[in-house]
Amino acid sequence: MKFFDSKIGRFTAMSLAVVSFAIMANVAKADRLADVKKAGILHCGVVPGVPGYAFPNKAGKMVGFDVDLCRAIAAAVLGDADKIKTTKMKLPVAFTAMKAGTVDVVTHRFTWTFARDVGLGLDFTRVMVFDGQGFMVRKSLGVKSAKDLDGATFCMSAGATTQGNVSDYFRKNGMKFKQVTFGSMGEAQKAYDAKRCDVFCTDKFGLGARRLSMTNPGEHMILPETISNEPISPMVGHGDQVWKDIVVWTFNALIAAEEYGITSKNVDKVRATSKNAFVGRILGTTGKFGAKIGLGKDWAYNAIKAVGNYGEMWEKHLGKDSRLNMPRGKNVLHTKGGLLISPPFR
C-alpha cells in the first residue's frame with residue numbers, strides 16, 4: 001500500500017514535519033541563560049514585603065533570604081550579585097509571570113505540590129526551606145491550641161495551600177470554621193490585623209516574619225501545632241533544562257559550602273589551600289563543572305563569595321543575627337540531623 005502517494009499521505013507527512021519544526025523551534029527558543037547574559041540582569045519574582053525574606057531596608061534596598069537566593073544566581077551567571085531586578089509578586093501573578101517568561105526565576109515562598117508542579121508550565125528547583133503550616137491568634141482570644149479554634153473565622157489567601165490544609169485538619173478533628181478569602185496573603189494579613197477574623201494562618205516561618213509587620217506584634221502568638229509539611233522551593237519555567245540545572249546547582253553549592261566549612265569570609269583562603277577534591281570542584285580549582293552548564297569556572301565561588309553559605313544566609317536574615325531570631329528546625333545539615341543535603345560535586 002503506497003501511503004505517501006495519496007493526498008492523505010502527503011498531508012500527513014507535511015503535518016508531521018510542521019509539528020516537528022514547531023517542537024524544535026520551541027526547544028531552540030528555550031535559552032534563558034543566553035537571554036539573561038544578553039540582558040545583563042537577572043529578573044526575580046519575590047514575596048511581597050515579608051521581613052526576613054524580601055523587605056526594604058532603611059535605605060530602601062530590597063534585602064532578605066529570597067533576595068539573596070536571587071543574588072546568588074546572578075553572581076553565578078553574571079559574575080555580579082547586584083545585577084538583579086526584583087518584582088514583588090503575589091500568588092496568582094507569580095505563576096502567570098513565570099509561565100509567560102517575564103521573570104527568570106521566582107524565589108517567592110511557594111510550596112512544592114503535585115498540582116503546581118504538573119501541567120502548569122512551571123518547574124520547582126530544590127527545597128530551600130522545610131516549613132509547615134501553623135496558626136496565629138491574638139493573645140486576648142484566650143486559646144492555647146489549634147483544637148480550641150472550633151467555630152473560629154480565618155482570613156485566607158485564595159489559591160494558597162492553607163485552605164486545603166485547614167479543611168483537612170478541621171475535618172479530621174470534627175471541628176468547623178469560617179473563612180474570609182482575599183486575593184493575596186498580604187491582604188489576608190491586613191484583614192486579620194484589622195480584626196476582621198480570629199485566625200491568620202500560613203507557613204510557620206512566614207508567620208514569624210509577618211508578625212513583625214503587625215500593628216502591635218506583641219499582641220499575637222503562634223499556636224504550637226504544625227499541621228502540614230510545606231517544602232518551599234524556587235521556580236523556573238518548564239522546558240529549559242540547562243537553566244533549571246544552573247539554579248538547582250547554585251543552591252546546592254550554597255548548602256555544600258556550609259557542609260565543607262566554606263564561608264563568604266574564608267572562601268578565598270579555602271580556595272587557595274584546600275586539598276579536598278569536592279571543595280576544588282565546587283570552587284573551580286579542579287574539573288570543568290561550570291562549562292557543563294554554560295558558566296565559567298568561578299560560578300559557585302562567585303555565588304558563595306557574594307551571599308555566603310546557606311547557614312550564613314539563614315542567620316543573617318532569619319536567625320540569630322536578625323529581628324526574627326527563628327531556629328532553623330529541619331533546615332540544618334543532614335550531618336546535624338536535618339534535611340539539608342547537596343548531591344555530591346563529582
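Modeller: A charge sits over a ring if NZ of Lys or CZ of Arg is within 6 Å of the ring centre and within 35 degrees of the ring normal. Arg 271 lies over the face of Tyr 301, at 4.2 Å from the ring centre. This is a predicted model, where local features need pLDDT of at least 70, side-chain atom pairs count only at pLDDT 80 or more, and totals for chains, interfaces and linings use all residues. Residues are numbered from 1 along each chain as its sequence is written, and side-chain values use heavy atoms, with hydrogens and water left out.

Biologist: Which ring does the charged end of Arg 281 sit over?

Modeller: The ring of Phe 278, with the charged end 5.2 Å from its centre.

Biologist: Why is the pair of Tyr 260 and Phe 278 called stacked?

Modeller: Phe, Tyr and Trp rings (for Trp, the six-membered one) pair if their centres lie within 6.5 Å, and planes under 30 degrees apart count as stacked, over 60 as edge-to-face and the rest as tilted. The centres of Tyr 260 and Phe 278 are 6.2 Å apart and the planes are at 15°, so the pair is stacked.

Biologist: What makes Tyr 260 partly exposed?

Modeller: Its relative accessibility is 33%; buried means under 20% relative accessible area, exposed over 50%, partly exposed in between (1.4 Å probe, protein chains only). Phe 278, at 21%, is also partly exposed.

Biologist: Why is Lys 292 called exposed?

Modeller: Because its relative accessible area is 67%.
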